[in-house]
Amino acid sequence: MDVFEAIDSRISCRWFHDKPVDPAIVKDLIVKAQRAASGGNLQSWFVYALMGEPLKEFKRIVAERIARDDPRHCKTEYAVYPEPMFGVYDERREHHGVQLYGSLGIDRKDPVARLGQFKRNFEFFNAPVALFITIDRRLGPGQWADLGGYIHALAFLARGYGLDTCPQEAWARLYDTVGAFIKIPPEQMLFCGMAIGYGNRKHKANDFRSPRAELSEFCRFYGFD
Ligand SMILES: Cc1cc2nc3c(=O)[nH]c(=O)nc-3n(C[C@H](O)[C@H](O)[C@H](O)COP(=O)(O)O)c2cc1C
């Protein structure tokens, strides 16, 4: 698979096959993604990887937590989205919801079904590998942006192994449960999780293509005529 195909075929995968991933591949991905660029080469990412029994145990603890607390209302350590949302960003997020829930046949006015789908985040969409990405809380916006580069390097490299991924900010809502389990030190903050596995591309959760803005909406050209 070349780089063009890796980028074009990456999706946020929300349904995985029940098929294990070779731990050596996961380690390789984590190492190779370090080639991501970062301002001043700070390499601000920190990764916690779970699979097998520890992941099973973690999911059990999380299931107990979300049976007690509605995860939509759990507080986060950082603002995942601006409050209130506005303009085109609000529209795009709304459209994303329409597309995802529409594909799954979930009525947008059905709060129980919607919550059920949101909660699948906390099963890593049944992926056999789970990552958590943290950052030293003393670092700033530049270093947070570098996390994005690392996460996308992971996602594209995963395609090279025929794997799929889903970055998951939803985990920011359970930062305390995550932190207690993987022992995140106080100076680190959880940014997101990432599900990794062999995606079921035919499943309704995965069989739509998320749209992108027109070129003219996000790029201005000078001297290209
Ligand atoms: C940092 C980050 C966090 C995300 N968090 C979630 C999440 O918690 N749950 C989820 O289902 N999708 C999550 N997504 C996936 C986005 O919804 C997805 O990238 C977007 O809709 C575009 O679709 P695509 O990735 O399939 O191209 C996240 C994506 C990124 C980059």
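Asn41 counts as exposed, with 7 C-beta neighbours inside 10 Å. You'll find Asn41 in the loop between helix H2 (23–32) and E1, and its phi is near 55°, a positive value in a residue other than glycine. Keep in mind that this is a predicted model. The protein comes to eight helices and four strands, and a ligand sits among residues that include Arg14, His96 and Cys166.

**Overall build**

- Going along the sequence, the pattern reads α-α-β-α-α-α-β-α-β-α-β-α.
- The radius of gyration is 18 Å, close to the 17 Å that the globule rule gives for 225 residues, so the protein is as compact as a globular protein of that length.
- Along the principal axes, the C-alpha trace spans about 60 × 45 × 35 Å.
- Of the 225 residues, 27% count as buried.
- Take the contacts with a separation of 6 or more: 83% of them come from residues 24 or more positions apart.

**The sheet**

- The four strands make an open sheet in the order E1-E2-E4-E3, with antiparallel pairing.
- Strand E1 (46–51) and E3 stand at the edges with a single partner strand each, so one side of each is left without a neighbour in the sheet.
- From one strand to the next, the twist averages 25°.
- As a reminder, strands of a sheet pair through backbone hydrogen bonds, either parallel or antiparallel.
- E1 and strand E2 (residues 129–136) are joined in the antiparallel sense over six bridges; to find one on screen, look for Ala49, whose bridge partner in E2 is Leu131.
- Helix H3 (residues 52–68) lies across E1 and E2, and it runs at about 95° to E1.

**Strand E3**

- Is E3 buried or exposed? Five of its five residues are buried, so E3 is largely enclosed by the rest of the structure.
- Asp164, Cys166 and Gln168 point one way from E3, while Thr165 and Pro167 point the other way, and all are buried.

**Around the ligand**

- The residues around the ligand are Ile11, Ser12, Arg14, His96, Asn121, Cys166, Pro167, Gln168, Glu169, Ala170, Cys192 and Ser210.
- Which element gives the largest share of this shell? That is strand E3 (residues 164–168), with three residues.
- Sorted by class, the shell has five nonpolar, five polar and two charged residues.

- Phe181 lies in helix H7 (residues 175–182) and is partly exposed, with 17 other C-beta atoms within 10 Å.
- Once neighbours within four places in sequence are left aside, Phe181 is in contact with Phe58 and Ile61.
- Phe181 and Arg14 are 167 residues apart along the chain, and their C-alpha atoms are separated by 24 Å; Arg14 is one of the residues around the ligand.
- Leu215 belongs to helix H8 (residues 215–218) and is exposed, with 9 other C-beta atoms within 10 Å.
- Between Leu215 and Glu123 there are 36 Å in space, C-alpha to C-alpha, and the two are 92 residues apart in sequence.

- Most residues other than glycine have a negative phi, and most peptide bonds are trans.
- Asn126, like Asn41 a residue other than glycine with a positive phi, has its phi near 60°.
- The place of Asn126 is the loop between helix H5 (111–119) and E2.
- How many C-beta neighbours does Asn126 have inside 10 Å? There are 15, and Asn126 counts as partly exposed; Asn41, with 7, counts as exposed.
- Glu83 and Pro84 are joined by a cis peptide bond, with omega about 0°.
- Pro84 sits in the loop between H3 and helix H4 (87–103).

Notes. Residues numbered from 1 in each chain as written. Predicted model: local features only at pLDDT ≥ 70, side-chain atom pairs only at ≥ 80, totals over all residues. Near = placed C-beta within 6 Å. Helix = DSSP H or I, 4+ residues; strand = E, 2+ residues; numbered from the N terminus. Nonpolar A, V, L, I, M, F, W, Y, C, P; charged D, E, K, R; others polar. Rg over C-alpha atoms; globule rule 2.2 N^0.38 Å. Buried ≥ 20, exposed ≤ 12 C-beta atoms within 10 Å, placed from the backbone. Contact = placed C-beta atoms within 7 Å. Pairing = 2+ DSSP bridges. Axes fitted to C-alpha atoms, helices over the stretch in contact; angles between N-to-C directions.
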